[in-house]
Amino acid sequence: MLREIRPAIVLLLVLTAITGLAYPLAMTGIAGAIFPAQAKGSLIEKDGKVVGSALIGQEFKDDKYFHGRPSATLAPDPNDSTKTVSAPYNAANSGGSNLGPTSKALADRLKEDVDKLKAENPNAAVPVDLVTTSASGLDPDISPEAAQFQVPRVAKARNVSEDQLRQIVTSNTQGRLLGLLGEPRVNVLALNLALDRASAK
Amino acid sequence: MTVIGWLQIILFCVIIVALTKPLGWYMTRVFTGEKTFLSPVLRPIEAGIYWISGVDEKREQHWLTYTVAMLLFHVGGFLIIYGLMRLQAVLPFNPAGQGAVAEDLSFNTAISFITNTNWQNYGGESTISYLVQMVGLTHQNFLSAATGIALAVALIRGFSRASMRTVGSFWVDVTRTTLYVLLPICVVYTLFLISQGMPQTLGDYVEATTLEGAKQTIAVGPVASQVAIKMLGTNGGGFFNANAAHPFENPTALSNFVQMLSIFALGAALTNVFGRMVGNQRQGWAILAVMGVLFIAGVAVTYWAEANGTSTLHALGLTGGNMEGKEVRFGIVASSLFAVITTAASCGAVNAMHDSFTALGGMIPLINMQLGEIIIGGVGAGLYGMLLFVVLAIFVAGLMVGRTPEYVGKKIEAREVKMAMLAILVLPLMYLGWTAVGVVYPSAVASMANAGPHGFTEVLYAYTSSTGNNGSAFAGLTGNTLFYNLTLASAMFVGRFFMIIPAMAIAGSLAAKKSIPPSAGTFPTTGGLFVGLVVGVILIIGGLTFFPALALGPIVEHLAMNAGNVF
């Protein structure tokens, strides 16, 4: 058994160096050369400043922007570091609500949000993704129905026609891959950037 | 449920079955030491590694030596992770300035990664440095996966050899698995993941100013290289807190689909390796069929339950299924399928929050783990777990006809059956025992995030997942407390090693036996009757063990939900 001790130590160190250092560092080097934009986090710049990542959702509250899904992410309480406070779309601390199907807190939150959205647009059914929190709290997408649902509000705030907005929504809708994988969706940040560009014209 | 949804599920199954044979062929060559197309590049590196570590690749080990070598290897792995986490504040590659990790959390995480569990009591982006992610966690993702495969191969040798004292060399098996199987796939896989949008950088977290003028700190890092082995090695520990639900850890529908395939690929291929090494590939297909029956049944229930939604959603007129805790790009079907896959295998990565699943939708992942993660299972661990059930099923069949049972030419006798029962019984002892403690110990009760039966399920899920070395969670439970850090670590440790040691004892005793040719009285183990028998034994043993616990958790919650109760 004693002769197993040397391999236990040396082999462990050698394999650690290969899989823990050589492999990730080599991949980082190659990624920087062939996929530089993705490797850095698919960042979007506007006027030379980073406004976010194409893959990471951000919070929109203004009526003139399309809103993303509710987010359950948290941040440390600035007054008491042992506690946490709600901090939607905190991209340094991802997570979901973890409320279960029979949770009263979830039922109350859903009712409040549904009532708010019904008041905003009484003419359409409330899309489920617009009142449920995502798993990561950073979902960049909403369903096409959730985007269409918000068109009247955004049109009013921007003083543009609903038809024009619906066109922008449609051109920013991504379908399923090969018509099969995933779900149809609209990237909220991309949509709002397209809106700002259209308004600037 | 939709037609497109079912088409995605069928496509997944077809690709897995198609990959099983070629991957099984390649892996068999690796484990039997034959040349592969990568040998010209890798053979010199392999030989160099043996030379520097003093390994004689010709010298095989007795099952006890093999097991001791494996344990020694893990002691070292534990010390590396624990040391790095405690010292990360003063080590390089820490742009976010993460401080030292607490003793109990470091202990829990180190146990979690050496046992291939990858339970996350740590928060990823908010707790640990890039150095720990790479040298601590990525390396152990490789080695715990390689260990699982090595052990499965040793058990297969037990079946395929006759009258021999040894079961192979642990050092050679681990090295060859890492170099020839895991690393080459991961290199290609990492590049694919980066092309889909996964970050791979050592740079700082990004400071962005959102369109509305708010500040957003975006965590990045060497994500792709870790995610590749996390999925392929059925490890499941995320770079980020939200794991594979995080858009950086699973950017697109395609990355999601490939991640699901990579969880099952090696585990499914090992059934073919088994068939090839015992000399009849149909033996492997029969085992894959047992797994397939249980898998499809689980997918159907979870997909149905999630697409159906909850009473709360129905009361508000919300249709489209239970989207709480799910991502839009995956939707109901890819989230349900992922949840069943990750718990059938011992992966534990999640692309949706299982805690927010419907009662019945979340019960299937729980059952998958309680059955011992034998539906494909963890790389290696799934196969040796399934073979334990096969030993029992054969024993039951032998009792029925009053004949000494035999399997692939080996007599199954008292010693093998005792060892198989020991391994199978130790799991419920851990997860039921600790759950019983967890629901009465006051500080453990305070960790529950949901009230009512769902809170009980959170605790049951935590111990089931850690005992099964899965690592997925009903994540509302606050696991980062002294009580949970220590008790979960003990469940992970016992669940891993008290299954491995009996399995290795079986390997040793089988290898020493003579091989007997099949006769007219031999029970055929390649047909439908055998598949049905094994499925039956699994469900009866499983059902008797954990049905009462399920009745107190998800089943009563489902009934309460239908009655319109909330807690």
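Two residues are in contact here if their C-beta atoms, placed from the backbone, lie within 7 Å. By that rule, the contact between the two chains takes 104 residues from chain B and 87 residues from chain A. This is a predicted model, in which local features need pLDDT of at least 70, side-chain atom pairs count only at pLDDT 80 or more, and totals for chains, interfaces and linings use all residues. Residues are numbered from 1 along each chain as its sequence is written, while chains are lettered from A and ligands numbered from 1 in the order in which they are written.

**Where the chains meet**

- The side of chain B that touches chain A divides into 56 nonpolar, 40 polar and eight charged residues.
- Ala, Val, Leu, Ile, Met, Phe, Trp, Tyr, Cys and Pro count as nonpolar, Asp, Glu, Lys and Arg as charged, and the others, Gly among them, as polar.

**Chain B as a whole**

- Chain B holds 18 helices and four strands; helices (H or I, at least four residues) and strands (E, at least two) are DSSP runs, numbered from the N terminus.
- With a radius of gyration of 23 Å, close to the 24 Å that the globule rule gives for 567 residues, chain B is as compact as a globular protein of that length.
- That radius is taken over C-alpha atoms, and the globule rule is 2.2 Å times the number of residues to the power 0.38.
- The C-alpha trace of chain B spans about 75 × 60 × 45 Å along its principal axes.
- Of its 567 residues, 62% count as buried; a residue is buried if 20 or more other C-beta atoms lie within 10 Å of its own, exposed if 12 or fewer, and partly exposed in between.
- Among chain B contacts between residues at least 6 apart in sequence, 78% join residues at least 24 apart.

**A helix and a hairpin in chain B**

- Helix α16 (residues 453–467) of chain B has 15 residues and should span 21 Å at 1.5 Å a residue, which agrees with the 21 Å between its end C-alpha atoms; the expected span is 1.5 Å times one less than the number of residues.
- Helix α16(B) is mostly covered, with 15 of its 15 residues buried, and B:N469, which follows the helix, has a positive phi near 55°.
- Strand β1 (residues 206–209) of chain B has B:V206 and B:A208 on its covered face, and B:E207 and B:T209 on its uncovered one.
- Strands β1(B) and β2 (residues 215–218) of chain B pair in the antiparallel sense over four bridges; two strands pair if DSSP finds at least two bridges between them.
- B:A208 stands opposite B:Q216 in β2(B).
- Five residues lie between the strands of this hairpin, where B:G213 takes a positive phi near 90°.

- Chain A is assigned domain 1 (2–40) and domain 2 (43–200), with bounds that come from an automatic or database domain assignment.
- The centres of these two domains, taken over C-alpha atoms, are 38 Å apart.
- Three strands of chain A form an open sheet in the order β5-β7-β6, with antiparallel pairing.
- Its edge strands, β5 (141–142) and β6 (173–174), each pair on one side only.
- Two bridges join β6(A) to strand β7 (residues 185–187) of chain A, and A:Q174 has A:R185 as its bridge partner in β7(A).
- A:A194 belongs to helix α6 (residues 188–200) of chain A and is partly exposed, with 15 other C-beta atoms within 10 Å.
- Leaving aside neighbours within four places in sequence, A:A194 is in contact with A:I168 and A:N172.
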